[in-house]
Amino acid sequence: MAERGPLRGYDLARILGDTGAASAYVGVALASMAGRQSGGATLVLNLRRIDGASVLLVVPPTAEQIKRDAAIKRPYFPSTKGVKHSF
């Protein structure tokens, strides 16, 4: 039986270089953005260890979750009120 490669996959270490201990977080961040954009789930595989792999499924939020999160008041977000466009 021949091995079948992924339909769409990226070797982040080859593309971005060695991100060290942050490599799993980089993968999750990129998967989150890709999943949000495509509306589908994304699988993150961390193959840095010789004896195993870390597998994480990243699922984008539902429309209901996005609406609920948008309703939360976040006073710590930066405000652009009164800021003039200087560039």
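This note walks through the predicted model above, point by point.

1. **Ground rules.** The model is predicted, so local features are given at pLDDT of at least 70 and side-chain atom pairs at pLDDT 80 or more, while totals for chains, interfaces and linings use all residues. Residues are numbered from 1 along each chain as its sequence is written, and side-chain values use heavy atoms, with hydrogens and water left out.

2. **Overall layout.** The protein has three helices and two strands, and from the N terminus on they run α-α-β-β-α. Here helices (H or I, at least four residues) and strands (E, at least two) are DSSP runs, numbered from the N terminus. Of the 87 residues, 9% count as buried. Buried means under 20% relative accessible area, exposed over 50%, and partly exposed in between, with a 1.4 Å probe and protein chains only.

3. **The salt bridge.** How many salt bridges does the structure hold? There is one, and it pairs Glu64 with Arg68, whose closest N and O atoms are 3.8 Å apart. The term stands for a side-chain nitrogen of Lys or Arg within 4 Å of a carboxyl oxygen of Asp or Glu. Both Glu64 and Arg68 lie in helix H3 (residues 63-70), four residues apart, about one turn of the helix. Glu64 counts as exposed because its relative accessibility is 58%, and Arg68 is partly exposed at 46%.

4. **A nonpolar patch.** Have a look at Leu43, Leu45, Leu47, Val55, Leu57 and Val59, which form a nonpolar patch on the surface with about 620 Å² of accessible area together. Patches are made of residues with over 30% relative accessible area and no salt bridge, with like charges joined within 9 Å and nonpolar side chains (Val, Leu, Ile, Met, Phe, Trp, Tyr) within 5 Å. Accessible areas come from the Shrake-Rupley method with a 1.4 Å probe, and for residues only the protein chains shown count as cover. Strand E1 (42-46) and strand E2 (54-58) each supply at least two residues of the patch. Leu57 belongs to strand E2 and is exposed, with a relative accessible area of 53%.

5. In the loop between H2 and E1 you will find Gly39, exposed at 58%.

6. **The largest pocket.** The volume of the largest pocket is about 1,100 Å³. On a 1 Å grid over the protein atoms alone, a pocket is an open set of points with protein on both sides within 12 Å along at least five of seven lines, and lining residues have an atom within 4 Å of a point. Grid points are joined across faces, edges and corners, and a volume is the space filled by probe spheres set on the points.

7. **What lines the pocket.** Its lining has 28 residues, with Gly9, Tyr10, Leu12, Leu43 and Val44 nearest the centre. Which element gives the most to the lining? That is H2, with nine residues. The lining divides into 14 nonpolar, ten polar and four charged residues. Ala, Val, Leu, Ile, Met, Phe, Trp, Tyr, Cys and Pro count as nonpolar, Asp, Glu, Lys and Arg as charged, and the others, Gly among them, as polar.

Key. On a 1 Å grid over the protein atoms alone, a cavity is a set of points where a 1.4 Å probe fits but cannot get out, and a pocket is an open set with protein on both sides within 12 Å along at least five of seven lines; lining residues have an atom within 4 Å of a point.
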